[in-house]
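Subject: Handover of a structure and the findings on it

Dear colleague,

Please find below the structure that I am handing over to you. The findings follow it, arranged by topic.

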Amino acid sequence: MTSPRFEEGALIGVLTTQPLDRVLDYRAPRGGCAAGDHVEVPFGPRKVTGVVWGQGAGDYDPAKVKSAIRVLDLPPMRAPMREFLGRVADYTLTPMPAMLRLATRAPGLTDPPGMRKIYRRGHGQPARMTPARARVLDLLEEHDGLGFMLGELADLAGVGSSVVKGLVASGAVAEEEAPRDVPYPPLDPDMAGKALTTDQELAAARLREGIAAGRYGTTLLKGVTGSGKTEVYLEAVAACLKAGRQALVLLPEIALTAEFLTRVEARFGAKPAEWHSGVTTTERRRCWKMVAENGAQLVVGARSALFLPFHDLGLIVVDEEHDTSYKQEDGVLYNARDMAVLRASLERAQVVLASATPSLESWVNVQQGKYARLDLESRYGPAVMPEMRAIDMRTEEVPSGSWISPALKGAVMQRLERGEQSLLFLNRRGYAPLTLCRACGHQIGCKHCDARMVEHRFLKRLMCHQCGETAPMPETCPNCEVAGKLAAVGPGVERITEEAQALFPDARVTVLSSDLFGSARALKARILEIAEGAADIVVGTQLVAKGHNFPKLTLVGVIDSDLGLQGSDLRAAERTFQLMRQVAGRAGRAEARGTALLQSFQPEHPVIRAILSGDEEGFWAAEAASRRAAGVPPYGRMAGIVISSPDMQQAFDLGNRLARLDAPLRRIGAQLFGPAPAPIARVRGRHRVRLLVKAEKTAPLQSALAEWAAQVRVPANARLAIDIDPQSFL
Ligand SMILES: [Zn+2]
Ligand SMILES: [Zn+2]
């Protein structure tokens, strides 16, 4: 497939990242160019870069069309990638310049190749240690031998560049000349992998067949934690590398990356390329270029890695495919899982969606024959799914201000006596979700949002989980100024930790919550210590549900199983089911069968009953039927519209105007709800108004939405965001 060529002077259309709604006409530069070439073009008084998108439209005065300056020394953007960007733009209603920004988000792409100075940890020690010097050395150690550029290192450590230079003089930091953008060390797909069980081997063989066929296909790989999904999909990666094509593995959380890289290294003899927000800018640039030049066989990354310019992409793995973090909630609102399927179909690549608790969307796609499905049984046999029981909180005597029932306490006691670990799970960070004044009834809220400030006692701060604002815990009520009357209401993990400490004074109690660790590395180190037995009782948020192994853990106690069942989110039941199953899956791994106890005030709730019975297929079928009856995703289509403005009236006026102009929506049979204040009506000082559009599965929703929204002019200080297939309803 060769891209059309344009002789020097021919009319070409160039897509730039400038916020314009169209492709601009230029003339092909000296030497001509081809569609997909990265070019530099004059733009007013400036020079900007862009991509040759095709023939020029020719609707400009030919005398005024300027000539492109030069073709940049970058691999051209391939036709499937250009089509991918166009399709994502159409689907998410995103302007093309924003799509191009997403696809070229690597610094210094246009810099000439050459040598550069880089800095990494040296062997010496500085004669005198200062806090600034310690920060630089800590940072370098944290990044395990990676090289930084001078400015980048100084910025990240928050020091002046002279501090770094001082460390170079003492030998504590090494200054080296390094070539830019070298290829990644080759991965060896022929190295022997781990021995696979019969089950795993069968699944791996099916995935290899898909790769060998060289065409598009999506497979849901389902298996409980510990069933060896990773080993199986690494076999698909091996087959893909052997076929000479590139592979991409998407992970939902950066904290999981380090562990995964180690496994890749053990399997293929070298580390793959990495792409996520924790990667240095020099490494990002190298990754982008090497992916385009086929100098990177495997990329492990966050959702935005989907927009890297792969030379020949043969496989995309979406690990923990049900994870909500695959939905980008800022800027371009795309779901990486769904867009991975789209990209693979354009690249004739295979997709593997791996999960212990798949999303309902994927389950339905399997039912409808769009995806294949492979199930893995646990390598430990049936022991791995714990025995699950509800603790009926209506019949337990729990003193006020306490949340651990006598039944749960007894079960923890047993584990302590046997030297086993227990996990107390509560998906709520901080000490208490609400701080109330007992004198005047005032609730402490955030200055910028309609959200409550959450007390974080261990950090001695109040924190807004919406905007991140923090404040010291006040001594007196900010409303009535009475001292000593502020009281914590409800539990967070920190408060459960306190309660556990009081109930089990001789036990080692530890808390795992993302906000209590300065870095992903510190968190990972602590998780390893706990796994090796450094704690008897772990109190944790949903962080512990994500893929970490605790072999000594035999009891999971869920403090509040009802949390998340209520609420307006159509996926509330699905999320609760997934989360409870993941958490329960932490109990009982290698040796003994574990127990999961769910504290609930409504143990007869269908979701709680489905969790306890372990009848997954039954749960999915029931959930699918209720969504089908309601005409909601995946059986209907939805779009969320959020209008935000510093002025509440302005936001509502705009919402009302849109509601009146609903003819384009009515034409496709869509229903419009709202405007209504968003559930969190004010965030960072901006008022938020929501509208919701519901349509049938086959309705041309995007074109109708585009026509509808184009009828109003959005004032400069207001914003209108359209979210197709919204995941969050806040
Ligand atoms: Zn008060
Ligand atoms: Zn806030």
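Helices (H or I, at least four residues) and strands (E, at least two) are DSSP runs, numbered from the N terminus. This is a predicted model, in which local features need pLDDT of at least 70, side-chain atom pairs count only at pLDDT 80 or more, and totals for chains, interfaces and linings use all residues. Residues are numbered from 1 along each chain as its sequence is written, chains are lettered from A and ligands numbered from 1 in the order in which they are written, and side-chain values use heavy atoms, with hydrogens and water left out.

Domains and the annotated span

The bounds of the domains come from an automatic or database domain assignment. The assignment gives domain 1 (5–84), domain 2 (115–179), domain 3 (198–376), domain 4 (387–433 + 490–624) and domain 5 (636–724). Between the C-alpha centres of domain 1 and domain 5 the separation is 35 Å.

In an unreviewed UniProt entry, residues 210–376 carry the annotation "domain: Helicase ATP-binding". UniProt positions are given in the numbering used here, feature names are shortened, and annotations may be inferred rather than shown by experiment.

Two strands pair if DSSP finds at least two bridges between them. An open sheet is formed by six strands with parallel pairing, in the order β17-β27-β26-β18-β25-β24. β17 (387–392) and β24 (509–512) each have a single partner strand, so they stand at the edges and one side of each is left without a neighbour in the sheet. From one strand to the next, the twist averages 20°; axes are lines fitted to C-alpha atoms, for helices over the stretch in contact, and angles run from 0 to 180 degrees between N-to-C directions.

Six bridges join β17 to β27 (residues 595–600) in the parallel sense, and D392 stands opposite S600 in β27. Helix α12 (residues 406–418) lies across β17, β18 (421–425), β25 (537–540), β26 (553–558) and β27, and runs at about 165° to β26. Helix α16 (residues 606–613) lies across β17 and β27, at about 145° to β17.

Aromatic pairs

Rings of Phe, Tyr and Trp (its six-membered ring) pair if their centres lie within 6.5 Å; planes under 30 degrees apart count as stacked, over 60 as edge-to-face and the rest as tilted. The whole structure holds six aromatic pairs. One of them is tilted, because the rings of Y233 and F260 have planes at 35°, with centres 6.3 Å apart. Y233 belongs to helix α7 (residues 229–242) and F260 to helix α8 (residues 257–268), so that distant parts of the chain, 27 residues apart, are linked.

Buried means under 20% relative accessible area, exposed over 50%, and partly exposed in between (1.4 Å probe, protein chains only). Y233 is buried at 0%, and F260 is buried at 5%.

The rings of F577 and W620 form an edge-to-face pair, with centres 5.6 Å apart and planes at 80°. F577 lies in helix α15 (residues 572–584) and W620 in helix α17 (residues 616–630), so the pair ties together parts that are 43 residues apart in sequence. F577 is buried, with 0% relative accessibility, and W620 is buried, also with 0%.

The annotated cysteines

The unreviewed UniProt entry marks C446, C449, C464 and C467 as "binding site". These residues are spread over 22 residues of sequence but cluster in space, the largest C-alpha distance being 8.7 Å. C446 is in the loop between β19 (434–437) and β20 (453–456) and is buried at 6% relative accessible area. C449 is in the loop between β19 and β20 and is buried at 2%.

Contact means heavy atoms within 4.5 Å. Neighbours within four places in sequence aside, C446 is in contact with A451, M453, C464, C467, E469 and R682. With residues up to four places away in sequence not counted, C449 touches C464, Q466, C467, R682, V683 and R684.

Helix α11

In helix α11 (residues 360–367), seven of the eight residues are buried. Its buried residues pack against β10 (217–223), α10 (336–347), β15 (350–355), β16 (372–376), α15 and α17. G369, with a positive phi near 80°, follows α11.

Yours sincerely
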